[in-house]
Amino acid sequence: MNKLKSNEINQLVEEVLDSAEKSTVNHTQSPNVERVHSILTTDKATLQKWFYLMVLGRALDDRAPKYLKQAIGWSYHAPYAGHDGIQLAIGQVFDRNTDHLYPYYRDMLTCISAGLTAEEIICNGISKANDVAGGGRHMSNHFAKPEWNIHNVSSATGNHAQHAAGTGRAMKKYGHRGVVICSQGESSVSEGYVYEAINGATNEKLPVIFVIQDNGYGISVPKKDQTANRRVSNNFRGFKNLTILHCNGKDVFDSMNTMIAAKKIVLEEGHPVIVDANCVRIHSHSNSDRHELYRDDYELNYVREYDPLAKFRRLLLRYKRFTEEELVAIEEQVKEEVKQAHNKAMAAPDPTPESIFNFVIPEPYVSIKYPDGTHNFQGPPKKLIEGINETLKAEFRHNPDTFLWGQDVANKDKGGIFNVTKGMQQEFGPERVFNAPIAEDFILGTANGFSRFNDKIRVVVEGAEFADYFWPAMEQLVDTSHDYWRSNGKFSPNIVVRLASGGYIGGGLYHSQTIEGALITLPGIRVVYPSFADDAAGLLRTAIRSRGLTMFLEPKALYNAPKAATPIPDDFEVPFGKARIRREGTDMSIITYGNTTHMCLEAAEKMAKEHGASVEVVDLRSLSPMDEEAILNTVKKTGKVLIVHEDKVFGGVGGEVAAIITSKAFEYLDAPIMRVGATFTPIGFNRILENAILPNTEKIYKAAIELLEY
Amino acid sequence: MKDIAVIYSFNTRQTKNAAKEIIKHFGNAVKIDEINAEEIDGPTFMKYTNLILGVPTWFDGELPNYWDEFVPELETLDLTGKNIAIFGNGDQVSYPENFVDGIGIMADLVQSRGARVVGYTSAEGYRFESSRAYRNGKFCGLAIDFENQSELNTPRIKKWVEQLKKEFE
């Protein structure tokens, strides 16, 4: 090894500083990166801090598997060893007062470098109630601290790239100076939504640094099986408004200089940057993986050779920045710190079984004036589309922190595929109302990230052109549905997703389907489906004023239907989970919502006229939460129940309604519960097919007669 | 001809084989010192006018750590008057995007400190997409591909050594 004498070091530093201007060569991978730090020029205090953080991180990384072996916890641990340089740099560049950080499941050192303590890391690893990421609710090794803008993210690789773009959008809209750092592995760029995120970030010039930590493997899948470019960031070479920097993620100085440069570019040039950091994965992907099954000894030795911590330590000694004794003292300090952190974490409380229902979804806005969501307002009837449009405008006037985006929602006189948002961009401007790319996942994913910027924000998105195009966004919806619970109530995605839903327009597949049966299976979101203009207005107002995510399904066949038009009080509000009796009756009950409410009312009228039957029609309005009390009350009143909805009978909402009744009001039933809904088929385009598949007044009437006569 | 230093990592296999063959082809007409790159320092480096550096490429276009750790010191040296030849292993099939980048990175470094890089070779006969060692149709050193063209190693090394005999002082 080099035998530099201590008195030579100062001379060496001076020479380097002197020659820095002359030398334009950078041996690292991004020639334009300014060399702010080097082993010779970085001050000793900084080097000491870095070494301390790296030793602390590695001590915890090495210790994590022991918790599993002792059956204490940390059953998922993705070791970061080999990513040390870039993770240290991310955490050091991140400023929690101005920036937002989206770490991924391998980012232990990133989070330590950003300020998390050893105790906080261990409490996350062994899933304690005081885990700052989410009280032990999310998988171990998913480090976060939402109050510091270190976000709690999904396990789905790269999913948070869209959230990062959304937060970047919010920063830009609010004129906030800072950056979003989105950290992810190289395999994440095999995911389509990552491309959507980077496409959007570059198109909108968002202040985001996408850090790709490339260790060459997605679990056991080598990079060559993921994508053609060895440097995966080169897949994005064609994107405009983007700087791509490569760095050696194993090297502290190159990583630090590159991250500093990236932040500078984002702040000064106003466009996103990809930092592609080459790392090694010294260990297996996680503790459920055995890398010796697919990596030979030569490779394992090769990656161990480039242990970043060992390299940094050698440099500190070689260039006489520290003595062996000084480094050993730091290592001893870390050992003691980890020991104490371990003791504290072991003594920390576990989450309780009773806590599982905390923070599933935030408490909604409470209506004082309309506690049961009904009114006696007399006025000219307004169409359902008017009710939605006017409520949106009223809420946007009421709350300046409201935003709306989606496909087709704002282009001159057009306001959505059905013109529901007509006039909004003209009134509220393109900063608050704007088009989104045709990328449903991105629309919702950015809404999630946008609302992370500030809890006051309310985002309304038109989730897709038609509800049945929403499926690509299910990945983001499922993830968003977890957020409030997973973060132990620290983050609430405050979003209303509007979807033009249902059939009776001859649209066939992707234009005439309805998707609430799938949606209500998700805890953590609300699902509402009005059938009249006033309820649409009232539910929408409540949804926008509430925290949490509401799926607002609009029966598009009723947008302009006179039968759905009603008077609407200007300030109308409908609480969630409140059904509305649209027709009183005593002989039987029909429980329904959406398009079929009107068919049920028509059938009830016919029953009255032709059979003198008194049929009660209950419009659920809100599917999740569901008004169990109203359901049970009507059963107790009539003893006979027909459940009707447009969605498929099999797997539809009606199954849950029937289950509630049989388990809680069986003794009140005088007949089997009957159901009418769509057949268990896709929906045909030809009107003949659509009529055969979807319920209609005649089918409902026939079933009602059968039930009445039972 | 002045003494030559051949500097490479003694812990390597392929680089060491190539270094040994280079030394063999120089014969006994010149004094050659073998120096372990893992122990190289400035004073040792500065002793020689003619140097041959073994610089394989690691990962997706990086210097091996033993060279990388020498770089901060290397950047302080005045290499004016030195003739430096570089050879390096690369895999043009698996790593066509950064084939023998290490040679180019090292060449840039020593050139920036005043050294004359010698031993340029033709890039004909290789198939790759990009390389930091590629300059105007040539590599700024000798590219050796053990994985895909091992049969060409000996003739390439022989030819390169003959060239160095003329280019070294």
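Me: What percentage of the 710 residues in chain A do buried residues make up?

Reply: Buried residues make up 56% of chain A. A residue is buried if 20 or more other C-beta atoms lie within 10 Å of its own, exposed if 12 or fewer, and partly exposed in between; C-beta atoms are placed from the backbone. In chain B, 51% of the 169 residues count as buried. This is a predicted model, in which local features need pLDDT of at least 70 and side-chain atom pairs count only at pLDDT 80 or more, while totals for chains, interfaces and linings use all residues. Residues are numbered from 1 along each chain as its sequence is written, and chains are lettered from A and ligands numbered from 1 in the order in which they are written.

Me: Why does Thr42(A) count as partly exposed?

Reply: Thr42(A) has 16 C-beta neighbours inside 10 Å. That number falls between the limits of 12 and 20, so Thr42(A) counts as partly exposed. Thr42(A) sits in the loop between helix 1 (6-20) and helix 2 of chain A. Helices (H or I, at least four residues) and strands (E, at least two) are DSSP runs, numbered from the N terminus.

Me: What does Thr42(A) touch, not counting residues up to four places away in sequence?

Reply: Thr42(A) touches His37(A) and Leu47(A). Two residues are in contact if their C-beta atoms, placed from the backbone, lie within 7 Å. Thr42(A) and Arg321(A) are 279 residues apart in sequence, with 9.6 Å between their C-alpha atoms.

Me: How do you know whether the radius of gyration of chain A agrees with that of a compact globule?

Reply: For 710 residues a compact globule would have a radius near 27 Å, and chain A has 30 Å, which agrees. The radius is taken over C-alpha atoms, and the globule rule is 2.2 Å times the number of residues to the power 0.38. Along its principal axes the C-alpha trace of chain A spans about 105 × 55 × 45 Å. Chain A has 22 helices and 19 strands.

Me: What is the secondary structure of chain B?

Reply: Chain B has six helices and nine strands. Its radius of gyration is 14 Å, close to the 15 Å that the globule rule gives for 169 residues, so chain B is as compact as a globular protein of that length. Its C-alpha atoms fill a box of roughly 40 × 35 × 30 Å along the principal axes.

Me: What makes a set of residues a nonpolar core?

Reply: A nonpolar core consists of buried Ala, Val, Leu, Ile, Met, Phe, Trp, Tyr and Cys residues joined through C-beta atoms within 7 Å. The largest has 197 residues, and Ile181(A), Val275(A) and Ala704(A) are among those with the most contacts inside it. Helix 2 (residues 44-69) of chain A gives the most to this core, with nine residues. A second, separate core of 52 residues includes Ile7(B), Phe128(B), Leu142(B) and Phe168(B). Among the residues that Val275(A) touches are Ile209(A), Val211(A) and Leu245(A).

Me: What is the pairing in the open sheet 6-8-7 of chain B?

Reply: The pairing of its three strands is antiparallel. Strand 7 and strand 8 (residues 138-139) of chain B pair over two bridges, and Arg135(B) has Lys138(B) as its bridge partner in strand 8.

Conventions:
Pairing = 2+ DSSP bridges.
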